[in-house]
Amino acid sequence: MHMKKVNKYLATHQLVFGFIGNEKGENGTPVAEYAYYVEFGLMKGGVPRPFLRNGRKDFEKDFFKKFEVLYHRCVNNFLEPSIILETLGIDGVGIIQESITKGGFAPNKESTLKSKKGSKPLIDTGTMLGAIKHRIERV
């Protein structure tokens with residue numbers, strides 16, 4: 001009986017994560033727009049820094065294994081089905097944030113270093129890291 005409840009919930013809800021809020025950077029640019037430009041290197045003289053694509057690949061590596069474990073725990077222990085998507089959402093946010101912090105991208109240009117607080121690409125004020133969120137939507 002509980003399995004039907006879990007399956008119904010999963011069939012009627014979806015997980016969304018990334019830049020889904022309305023946060024703005026210090027200069028007023030929406031963080032989601034800035035992230036898009038950075039991801040694909042679309043700014044003047046920009047270099048692609050694919051933190052979202054890298055994060056997604058990392059998330060997808062273990063997704064089915066994690067989902068299966070969560071699903072069985074939920075069904076066998078009569079837990080609320082939202083735990084599955086909430087846990088995967090928190091995990092997804094953390095993986096994208098880790099993709100930014102671990103870096104591995106082209107270094108910042110000298111002109112960028114002069115205006116930043118640090119030398120690591122994609123990390124200055126922490127606004128972009130903090131803007132990565134998840135939510136569960138009814139479909």
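# Briefing: helices, salt bridges and surface

Gln 97 has a relative accessibility of 26%, so this residue counts as partly exposed. The model described here is predicted. The protein has 139 residues, and 28% of them count as buried. Its fold contains seven helices and two strands. The points below are grouped by topic.

**Overall layout**

- Read along the sequence, the elements follow the pattern α-β-α-α-α-α-α-α-β.
- Strand S1 covers residues 13-18, and strand S2 covers residues 133-138.
- Among the helices are H2 (31-40) and H3 (51-61), as well as H4 (63-76) and H5 (residues 82-102).

**How H3 and H5 cross**

- Two packed helices are described by the angle between their axes and by the distance between those axes.
- For H3 and H5, the axes come within 8 Å and cross at roughly 130 degrees.
- At that angle H3 is oblique to H5, because the value falls between the 65 to 115 degrees counted as roughly perpendicular and the range over 145 degrees counted as roughly antiparallel.
- The crossing in which H3 passes H5 is right-handed.

**Salt bridges**

- How many salt bridges does a search of the whole structure find? The search finds eight.
- Lys 102 and Asp 58 meet through their side chains in a salt bridge, at 3.3 Å from N to O. This pair links distant parts of the chain, with Lys 102 in helix H5 and Asp 58 in helix H3, 44 residues apart.
- Asp 58 has a relative accessible area of 22%, so it is partly exposed.
- Lys 61 belongs to a network of salt bridges together with Asp 58 and Lys 102.
- Glu 23 forms a salt bridge with Lys 133, and the closest N and O atoms of the two are 3.3 Å apart. Because Glu 23 lies in the loop between strand S1 and H2 while Lys 133 lies in strand S2, the pair ties together parts that are 110 residues apart in sequence.
- Both partners are partly exposed: Glu 23 has a relative accessibility of 26%, and Lys 133 has a relative accessible area of 33%.
- Arg 135 is joined to Glu 137 by a salt bridge in which the closest N and O atoms are 2.7 Å apart.
- Arg 135 is partly exposed, with a relative accessible area of 37%, and Glu 137 is partly exposed at 22% relative accessibility.

- Phe 19 sits in the loop between S1 and H2.
- Is Phe 19 buried or exposed? Phe 19 is buried, with a relative accessible area of 17%, because a value under 20% counts as buried.
- The C-alpha atoms of Phe 19 and Ala 131 are separated by 6.0 Å, although the two residues are 112 apart along the chain.

**A nonpolar patch on the surface**

- Which residues form a nonpolar patch on the surface? The patch is made of Tyr 34, Tyr 36, Tyr 37, Phe 40, Leu 42 and Met 43.
- Together these residues have about 560 Å² of accessible area.
- Met 43 is found in the loop between helix H2 and helix H3.
- With 36% relative accessibility, Met 43 counts as partly exposed.

- Most residues other than glycine have a negative phi.
- Phe 78 is not a glycine, yet its phi is positive, at about 55 degrees.
- The place of Phe 78 is the loop between helix H4 and H5.
- Phe 78 counts as exposed, with a relative accessibility of 63%, because values over 50% fall in that class.

Note on methods
Residues numbered from 1 in each chain as written. Predicted model: local features only at pLDDT ≥ 70, side-chain atom pairs only at ≥ 80, totals over all residues. Heavy atoms only, no water. Patch = residues over 30% accessible without salt bridge, like charges linked within 9 Å, V, L, I, M, F, W, Y side chains within 5 Å. Areas by Shrake-Rupley, 256 points an atom, 1.4 Å probe, with all protein chains shown as cover. Salt bridge = Lys/Arg side-chain N within 4 Å of Asp/Glu carboxyl O. Helix = DSSP H or I, 4+ residues; strand = E, 2+ residues; numbered from the N terminus. Buried < 20%, exposed > 50% of the residue type's maximum accessible area, 1.4 Å probe, protein only. Axes fitted to C-alpha atoms, helices over the stretch in contact; angles between N-to-C directions. Parallel < 35°, antiparallel > 145°, perpendicular 65-115°, else oblique. Left-handed = near helix turned anticlockwise from the far one by under 90°.
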